[in-house]
Structure formats: structure tokens, C-alpha cells
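Subject: Structure handover

Hello,

Here is the structure I promised to pass on. Please open it next to this email and follow along.

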Amino acid sequence: MLPVKQAEEVILGLVQPMDPVEDQEQVELLSARGRVLAESVVGTLDFPHWDNSAMDGYAVRYEDVAEVRGDRPIQLEIIEKIPAGKPPQKTIDKGQAARIFTGSMMPPGADTVTIQEDTQRKGDRVEILSAPSQRGEWVRYQGSFYQSGTPLLSPGIVLSAPDIAVLATAQITQVPVYRRCKIAILSTGDELVAPGQPLKPGQLVDSNQYALAAAVTAAGGEPLLMGIVGDQPEALQKAIAHALTVADIVLSTGGVSVGDYDYVEQILSQLKGTIHIKKVAIRPGKPLTVASFPPEASTSSVLYFGLPGNPVSALVTFWRFVQPAMRKFAGWKQGWEPQFLTARSQQELRGGGPREIYLWGKIHCIDGIYQFEPAGGSHSSGNLINLAQTTALAVIPVGVSTIAPGDAIQVLAIDN
Ligand SMILES: Nc1nc2c(c(=O)[nH]1)N[C@H]1C(S)=C(S)[C@@H](COP(=O)(O)OP(=O)(O)OC[C@H]3O[C@@H](n4cnc5c(N)ncnc54)[C@H](O)[C@@H]3O)O[C@H]1N2
Ligand code: MOO
Ligand SMILES: [Mg+2]
């Protein structure tokens, strides 16, 4: 049994990120959120594009108003009103001002804005009641936030709402992103029927394919549903061989343990896959099987995860191992590894045995401190019912038998 951390290293070591050119596609700006940027974005305009006012008030010359005191106001002649979006027509001379608004271009000659609240209007003149604290007060200078020609956004970032604002400002309406990675998902087991089918005695609804499709989508991938394959080696070999030709990563569930009908590993070998992992010291998820297929066996090299069939084992191993691999493959520049948070356990947690234990539950932030609330009921890897609404997995390291209430633990936050 490979320790969890070592298994993670082996898996991430097997992943070659997509090619930023070959695997690039252009998407509309409004569809770019959550996608991974494939190219550096460089703006052709300074930001702000021109000197403009940060407030409603009057554009003035600093020298004219620097000495103003409450008991010594000065009056300036208003020579122009400059709405936002209209270029100023006049130059501000000594003793003059322009009425200006937030976002309006600064007129030549003026270098400072006095806010409306510090003035009194007197017909076509304005009385300035207090001095600015410095030259340039309330002016947003051209290029003060960003200079054109320098990188705005770097490749390998996952685009978020503020990034979309930056792209919009840079007038990038078609965004170069990595294509979504294709993840084939197949369920193995003679007992499985699709949701909606009546159950004969001994049968079970295939929940894994749906759970994994949702998890893949949440992780930014494109799920390819390959259906249910019975426990027949020929059918399974055919299905796996086909999945290898259509996907970047293949996930199967079931058939990886030691039972008479657990054929996945032998089929991966028959298909000339290299098996890197057969068992991981994780509970749930021990029989996780990982193989790689060189480009000859498929269109390009493909990573294969034989996830355990138990529904909780399938999702826990997805979150712990598949999702990081997807991130690296998808072009993320960094942060592929799961990010653990420190939380306090609300209840006593029991560990023990040779495997790292993952308990599912919810994470709450109470008075600024993360707290982990384990799901009630059985933590059997077959109990998918109490997995509902899971937002975190708490990790009990090997060698730790008890976590007392209030003790610190590492938790993996789940965003799905
Ligand atoms: N003698 C041993 N038995 C088992 C061991 C072991 O070490 N020695 N390991 C156990 C562990 S741990 C796990 S996890 C499971 C993994 O089993 P498989 O990956 O071989 O999966 P199956 O045997 O095919 O199924 C296990 C379980 O999950 C249900 N299942 C399967 N597919 C689905 C699906 N798509 N949707 C919902 N449920 C599914 C299946 O009916 C079984 O109940 O092995 C233990 N056994
Ligand atoms: O690893 Mo199994 O997933 O413990 O049930
Ligand atoms: Mg089995």
C-alpha cells in the first residue's frame, strides 16, 4: 500500500499539462469564467486611459487653491462643464476652474480636483473652501494603475469575475483558454442498473457515474459517459479500449479489489497499460488503481484511474487524486495539490489502522475559526446517503487513534 502523499506524487508526476497552443480554443468573454487562460494577455491601452476625476467637483490648479483656509476662501471662474465621456474644450488658466464629474477627463491646465462638498457655487463662479492635501488630489492619472504593453494576466490562471473585468477593459472579447479536459467515466458491475430502471433482487442503481460526472463538471472537465459495463472481461476490455481513444483521462469504478469478478487491473495490463499504483493507504479508497497508456495505445497519452466501486470511495479518491491531476492537465500554473485547511473538530473522531482516514462532513467558520462537523451515521464507504451536502473531508493521519473535540485537524474543502 502506497502512502497517500506518495501516491499523489506518482500521479502528478504522470500528468503532462495540455499544450497551450494545440489545446487552445477561443471562448466568448462571458463564457470564460472558470476556464484556464492559455496565453499571456497584454493590454494596448493604459489604465486609466486618460487623466480623469475620481470625484464630482471642480478641476483646479493646485497653486490657486493651496493656501485656502476656511476663513480665507477663494473664488474661481468656471469656464467649462465637462460631463463624463466628453473631451474638455478649454485650458484652465490662473484663477479658473471647470465643473467636473467622476470619470470626466481632466482639462489641460488643471492638476487637482476639489470635491463638491468643499465648495460653494456662486453663479458662474465657485468658492473653494478648503485646500487640497496635495497636488493631484482626486485625480486618477493615465497609466497610474497599468501601463500598456506590460502583461495584464498570465497563462495558467483560472479566470474569475475580476479577471473578466480586466479582460473586458483590455477589449479581449475572445479569450484564449485551454480546452476542457475530456474525462471518460464508466461503471463496472453486473449488479448495476441506470437510475429510473426497476430493480430486480440484488441489483443496485449506478450512482457513481452520475456522481463523477457532476464532480468532473464542477472541476472544470467535460464528462463523457461511457455507460455500465458488466463484469465480463471481453466486454470490459472493449469498453476500456474505446474509452482510451476518446478521453484524456479515464475513470472506471468497481472491479479493482480482490474478488472473482474484479477484472480491471488484468485488463489494463492486457491493453499494455503501465500500472503505477495498485493500492493506496487511504480509507476509504484502498484499491485505487492507476495506469498510464502511452500515445500508441490511444490518440495521446492517457491516464487511467480505476476507482473503487464503493460510492464514497469513488468520490473520495476523485477529490484526493483525480481532481489534482485534472488541474495539472488543464494547464493550471500552480496549486494543483489539494489545499488543506486547519479546523477544530466539533466531535471526537476515531482513527487507527494502517491507512490515512478521510471522514466526511461539513466545514463551518465560527468566530473566524474553521470547525469540522462529521456527518452523522455510518462512515461506511457504501453509505452514500450521509455523503450528501459534504463540504469537507477531515484527515486522520496514520498512527493517530483519537482526535478529541476541539483538537486541530487538517480538512480538505470540497467545492462541488
Ligand atoms: N477481501 C477483500 N474484500 C474487499 C477488499 C479487500 O481488501 N479484501 N477491499 C474492500 C474495499 S476497501 C473496497 S473500496 C471495495 C472495492 O471494490 P471494487 O472496486 O472491486 O468494487 P466492486 O467490488 O465492484 O463494488 C464494491 C461495492 O460498490 C458497489 N458499486 C460498484 N459500482 C457502483 C456504482 N457504479 N454505483 C453504486 N455502487 C456501486 C458495489 O455494488 C459493491 O457494493 O472492495 C472491498 N472488498
Ligand atoms: O477503501 Mo474501501 O474504500 O475502505 O471501502
Ligand atoms: Mg470488488
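Below are my notes on the ligands, the sheets and a few backbone details.

First, the ground rules. This is a predicted model, where local features need pLDDT of at least 70 and side-chain atom pairs count only at pLDDT 80 or more, while totals for chains, interfaces and linings use all residues. Residues are numbered from 1 along each chain as its sequence is written, chains are lettered from A and ligands numbered from 1 in the order in which they are written, and side-chain values use heavy atoms, with hydrogens and water left out.

**Ligand 2**

Start with ligand 2. The residues around it are R283, P284, G285, K286, P287, N310, S313, R355 and S381. Here, "around" or "near" means that a heavy atom of the residue lies within 4 Å of the molecule. By class, this shell has 2 nonpolar, 4 polar and 3 charged residues. The classes work like this: Ala, Val, Leu, Ile, Met, Phe, Trp, Tyr, Cys and Pro are nonpolar, Asp, Glu, Lys and Arg are charged, and the others, Gly among them, are polar.

G285 places a backbone N or O atom 2.5 Å from an oxygen atom of ligand 2. For a backbone N or O atom of K286, the distance to a ligand 2 oxygen atom is 2.8 Å. R355 uses its side chain: a polar atom there lies 3.2 Å from an oxygen atom of ligand 2.

The space taken by ligand 2 is the largest pocket. A pocket is found on a 1 Å grid over the protein atoms alone: it is an open set of points where a 1.4 Å probe fits, with protein on both sides within 12 Å along at least five of seven lines. A molecule sits in a pocket if more than half of its atoms lie within 2 Å of its grid points.

**Ligand 1**

Ligand 1 has 23 residues around it, and E191, D206, S257, K286 and G309 come nearest. A polar backbone atom of N208 is 3.3 Å from a nitrogen atom of ligand 1. S257 brings a backbone N or O atom to 3.0 Å from an oxygen atom of ligand 1. At D262 the side chain takes part, with an N or O atom 3.2 Å from a ligand 1 oxygen atom.

**Sheets**

Now the strands. Helices (H or I, at least four residues) and strands (E, at least two) are DSSP runs, numbered from the N terminus. Two strands pair if DSSP finds at least two bridges between them.

One open sheet has 6 strands in the order β16-β13-β17-β21-β20-β18, with mixed pairing. β16 (222-229) and β18 (274-277) stand at the edges with a single partner strand each, so one side of each has no neighbour in the sheet. The twist averages 20° from one strand to the next. β18 pairs with β20 (residues 289-293) in the antiparallel sense over 3 bridges. Within β20, S292 is the residue opposite T274.

Another open sheet of 6 strands runs β7-β4-β6-β5-β9-β8, also with mixed pairing. Its edge strands, β7 (112-115) and β8 (119-122), each pair on one side only. Here the twist averages 40° from one strand to the next. β8 and β9 (residues 125-128) run antiparallel, joined by 4 bridges. K122 stands opposite R125 in β9.

Look also at β22 (residues 340-345). It pairs with β28 (residues 408-413) in the antiparallel sense over 5 bridges, and A343 has I409 as its bridge partner in β28. With β25 (residues 369-374), β22 runs parallel, over 2 bridges.

**Backbone details**

The peptide bond from R283 to P284 is cis, with omega near 0°. P284 lies in the loop between β19 (282-283) and β20. A cis peptide bond also joins F47 and P48, with omega about -10°.

Best wishes

How values were computed: Polar contact = N/O pair within 3.5 Å; in protein donor to acceptor, adjacent residues only side chain to side chain. 1 Å grid on protein atoms, 1.4 Å probe; cavity = no way out; pocket = protein on both sides within 12 Å on 5 of 7 lines; lining within 4 Å. Axes fitted to C-alpha atoms, helices over the stretch in contact; angles between N-to-C directions.
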